[in-house]
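The following exercises concern a single protein model. Please study the sequence and the structure, then work through each solution step by step.

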Amino acid sequence: MLNPNIGKLIQNSENRYRLVIDIAHTAREISGKAEENGEIMVEKPVSVAIDKLASEI
């Protein structure tokens, strides 16, 4: 997903702070799994995390 609407992401979160924490947590999980598997990530983990959270809406 290209540039998900931040308003939709915030609606599914308690507040902006919680959204940032959720994105950071998800990005760390994605980065950790890629490192464990020896994968080289082309896209930044934060971008992947935002897309993942947006697709769950």
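A helix is here a DSSP run of H or I that spans at least four residues, and helices are numbered from the N terminus. The model is predicted.

**Exercise 1.** Determine where Arg 18 and Asp 22 lie, and which interaction their side chains form.

*Solution.* Step 1: Both Arg 18 and Asp 22 belong to helix H2, where four residues, about one turn of the helix, separate them. Step 2: Side chains of opposite charge can pair when their charged atoms come close. Step 3: A salt bridge requires a side-chain nitrogen of Lys or Arg within 4 Å of a carboxyl oxygen of Asp or Glu. Step 4: From N to O, the distance between Arg 18 and Asp 22 is 2.9 Å, and their side chains form a salt bridge. Step 5: The count of salt bridges by this rule is one.

**Exercise 2.** Classify Arg 18, Asp 22 and Ser 13 as buried, partly exposed or exposed.

*Solution.* Step 1: Buried means under 20% relative accessible area, and exposed means over 50%. Step 2: Arg 18 has a relative accessible area of 34%, so this residue is partly exposed. Step 3: Asp 22, at 27%, is also partly exposed. Step 4: Ser 13 is buried because its relative accessibility is 14%.

**Exercise 3.** Describe the surroundings of Ser 13.

*Solution.* Step 1: Ser 13 is located in the loop that links helix H1 (6–11) to helix H2 (16–36). Step 2: When neighbours within four places in sequence are set aside, Ser 13 contacts Arg 18, Leu 19 and Asp 22.

How values were computed:
Residues numbered from 1 in each chain as written. Predicted model: local features only at pLDDT ≥ 70, side-chain atom pairs only at ≥ 80, totals over all residues. Heavy atoms only, no water. Helix = DSSP H or I, 4+ residues; strand = E, 2+ residues; numbered from the N terminus. Buried < 20%, exposed > 50% of the residue type's maximum accessible area, 1.4 Å probe, protein only. Contact = heavy atoms within 4.5 Å.
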